[in-house]
Amino acid sequence: MAKITRKIKTITVNADKCNGCRTCEVMCSAYHSTPRYSTVNTARARIHVTTHRLKNIWLPVFAGDYTRSECGCRDQYVLGGKEYSECSFCRAACPSRDLFKEPDSGLPLKCDMCEGEETPLCVQWCLNDVLTYQEREEEVEESPVMGDLEMGLEPLVDRYGLEKLTSSLIRLSQKD
């Protein structure tokens, strides 16, 4: 395959600065509502602040790729005197939890860096400079990219099966 130059966008999280205000969640959910900025429902946000208030833990985590199965371990990590579970760092939408799934349809959500905006809104609105946005160029091998439709249909096929999904689509296409 050919090598191409790709713009890599990253958001760095400094968890020690986070106070759990959750402004990042509010802005993300408002940006991704339909029509844009019409509602705020943090269950639809592509970023969630994992909290453990009694231990003063606040950890922003971004939605990553969908995974078909849950992980097999539940390790605990101690960072800076604070204890975190492995799931706290996980960015995946998986079968064992509802985090990073569309609440109505169950389809997985993934951070798109507020595509179309100069910088992601969670970074713009972060009150304590917890989130830092960076862009860099990197030479990578070109690979086929799964489109939005395929990404949305894949979990439905996994959940209901290809035959049931196909029959539903045929039934919907025949409605007038």
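## The largest pocket

The lining of the largest pocket comprises 15 nonpolar, three polar and 11 charged residues (Ala, Val, Leu, Ile, Met, Phe, Trp, Tyr, Cys and Pro count as nonpolar, Asp, Glu, Lys and Arg as charged, the others, Gly among them, as polar). This is a predicted model, in which local features need pLDDT of at least 70 and side-chain atom pairs pLDDT 80 or more, while totals for chains, interfaces and linings use all residues. Residues are numbered from 1 along each chain as its sequence is written, and side-chain values use heavy atoms, without hydrogens or water.

The volume of the largest pocket is about 1400 Å³ (the space filled by probe spheres set on grid points joined across faces, edges and corners). A pocket is an open set of points on a 1 Å grid over the protein atoms alone, with protein on both sides within 12 Å along at least five of seven lines; a cavity is a set where a 1.4 Å probe fits but cannot get out, and lining residues have an atom within 4 Å of a point. Asp65, Lys110, Cys111, Asp112 and Met151 are the closest to the pocket centre among its 29 lining residues. Two or more lining residues come from each of β1 (3-13) and α4 (148-160) (DSSP runs numbered from the N terminus: helices, H or I, of at least four residues, strands, E, of at least two). Strand β1 gives the largest share, six residues.

## Enclosed cavities

Two cavities of 30 Å³ or more are found in the whole structure. The largest holds about 90 Å³ of space and is lined by 13 residues, with Cys18, Cys21, Cys24, Cys126 and Val130 nearest its centre. Eight of these lining residues are nonpolar, four polar and one charged.

The second largest cavity has a volume of about 60 Å³. Its lining consists of Cys28, His32, Arg46, Ile47, Phe62, Cys111, Asp112, Met113, Cys114 and Cys122, of which seven are nonpolar, one polar and two charged.

## Nonpolar cores

The largest nonpolar core has 17 residues, and Ile11, Cys24, Ile47, Phe62, Cys122, Val123 and Leu131 have the most contacts inside it (a core is a set of buried Ala, Val, Leu, Ile, Met, Phe, Trp, Tyr and Cys residues joined through side-chain atoms within 4.5 Å; buried means under 20% relative accessible area, exposed over 50%, partly exposed in between, with a 1.4 Å probe and protein chains only). Elements α1 (23-31), β2 (47-52), β3 (57-62), α3 (121-125) and β6 (131-141) each give two or more residues to this core.

## A buried histidine

His48 belongs to strand β2 and counts as buried because its relative accessibility is 11%. Leaving out residues up to four places away in sequence, His48 touches Glu25, Thr42, Ala43, Leu59, Pro60, Val61, Leu99 and Phe100 (contact means heavy atoms within 4.5 Å).

## Backbone features

Most residues other than glycine have a negative phi, and most peptide bonds are trans. Thr34 and Pro35 are joined by a cis peptide bond with omega of about -10 degrees, and Pro35 is in the loop between α1 and β2. Tyr37 also lies in the loop between α1 and β2; its phi is positive, near 65 degrees. Tyr37 is partly exposed, because its relative accessible area is 43%.

Cys114, in the loop between α2 (86-89) and α3, has a positive phi of about 50 degrees although it is not a glycine. Its relative accessibility is 5%, so Cys114 counts as buried. Cys114 is also one of the residues that line the second largest cavity.
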